[in-house]
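Subject: Structure handover

Hello,

Here is the structure I promised to pass on. Please open it first, then read the notes below.

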Amino acid sequence: FGEVALDGGDVVIERGGVFFGTAGGRLLGLDLATGTVGWEAAIATPKGATELERIADVTSLPTIDERYACATAYQGRTGCFDVVRGTPVWTRDIGSLGGIAIDGKNLYVTDDAGAVHALDRSTGASVWKQDALKDRRIGGPQVTGDHLAVVDVEGYVHLLDRSDGRLAGRLA
């Protein structure tokens, strides 16, 4: 179980379900045994006058734990849903190309403007925000020990303290 590629798309298999995001901003949970749709939830709603403005794709694998299925969408929102029913637990207007990471307490997301956010995983409340890396075009976050790592376009790894978001170090 875990992450697998299926017909060219990435899915997460957990808790007897198959979870994945779509190009239209939807998060789906399928029953692994039958393939039937258990639930479908909107992370983003495409809006705008042009095709480019209407891009609202789920941009990374969802994260699944014992209670929540969480995901983020470009030009959309970040949110967590009840893993069994698909009902929204919380959503925030934070879109991302880079994706999300979770630990025991928080969900971490790099937003479309380049800031890193720590959100309480159960409520979506803001824990901290670090925007000192906004001009470095950073990718998605990764939890590593007591730190959160993000890589910028030049290949530098920036380490942030997971407790308060302060910059703890940088590696070439």
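Two rings of Phe, Tyr or Trp count as an aromatic pair if their centres lie within 6.5 Å; for Trp, the six-membered ring is used. By that rule, the structure holds three aromatic pairs. Keep in mind that this is a predicted model.

**Confidence**

The protein chain has a mean pLDDT of 87. Of its residues, 88% reach 70 or more. Residues 1-8 are another matter: the pLDDT there is below 50. Beyond near neighbours in sequence, that stretch has 15 contacts in the model. Where pLDDT is low, the predicted coordinates should not be read in detail.

**Aromatic pairs**

How is a pair of rings described? By the distance of the centres and the angle of the planes.

Take W39 and F81. Their pair is stacked, with 6.4 Å centre to centre and 25° between the planes. W39 lies in strand 5 (residues 37-42) and F81 in strand 8 (residues 78-82), so the pair ties together parts that are 42 residues apart in sequence. Both W39 and F81 are buried. Ring pairs also bring in F19, giving a cluster of F19, W39 and F81.

Now Y108 and W128. This aromatic pair is tilted: 6.1 Å centre to centre, with 40° between the planes. It links distant parts of the chain, 20 residues apart. Y108 sits in strand 11 (residues 106-110), W128 in strand 13 (residues 126-130). Y108 has a relative accessible area of 0%, so it is buried. W128 is at 7%, so it counts as buried too.

**H158**

Which side chains make polar contacts with the side chain of H158? One is that of D152, at 2.8 Å. Another is that of R170, at 3.3 Å. H158 belongs to strand 16 (residues 157-161). Its relative accessible area is 1%, and therefore H158 is buried. Leaving out residues up to four places away in sequence, H158 touches several residues, among them L133, R136, L148 and G169. A149 is also one of them.

**A149**

A149 is part of strand 15 (residues 147-151). Is A149 buried or exposed? Its relative accessibility is 13%, and buried means under 20%, so A149 counts as buried. Leaving out residues up to four places away in sequence, A149 touches G140, P141, Q142, T144, V157, H158 and L159. D161 is 12 residues from A149 in sequence. In space, the two are 9.1 Å apart, C-alpha to C-alpha.

Best wishes

Terms used:
Residues are numbered from 1 along each chain as its sequence is written. This is a predicted model: local features need pLDDT of at least 70, side-chain atom pairs count only at pLDDT 80 or more; totals for chains, interfaces and linings use all residues. Side-chain values use heavy atoms; hydrogens and water are left out. pLDDT is the predictor's confidence in each residue, from 0 to 100. Contact means heavy atoms within 4.5 Å. Helices (H or I, at least four residues) and strands (E, at least two) are DSSP runs, numbered from the N terminus. Buried means under 20% relative accessible area, exposed over 50%, partly exposed in between (1.4 Å probe, protein chains only). Rings of Phe, Tyr and Trp (its six-membered ring) pair if their centres lie within 6.5 Å; planes under 30 degrees apart count as stacked, over 60 as edge-to-face and the rest as tilted. A polar contact is a pair of N or O atoms within 3.5 Å; within protein, one must be able to donate a hydrogen and the other to accept it, and residues adjacent in sequence count only if both atoms are side-chain atoms.
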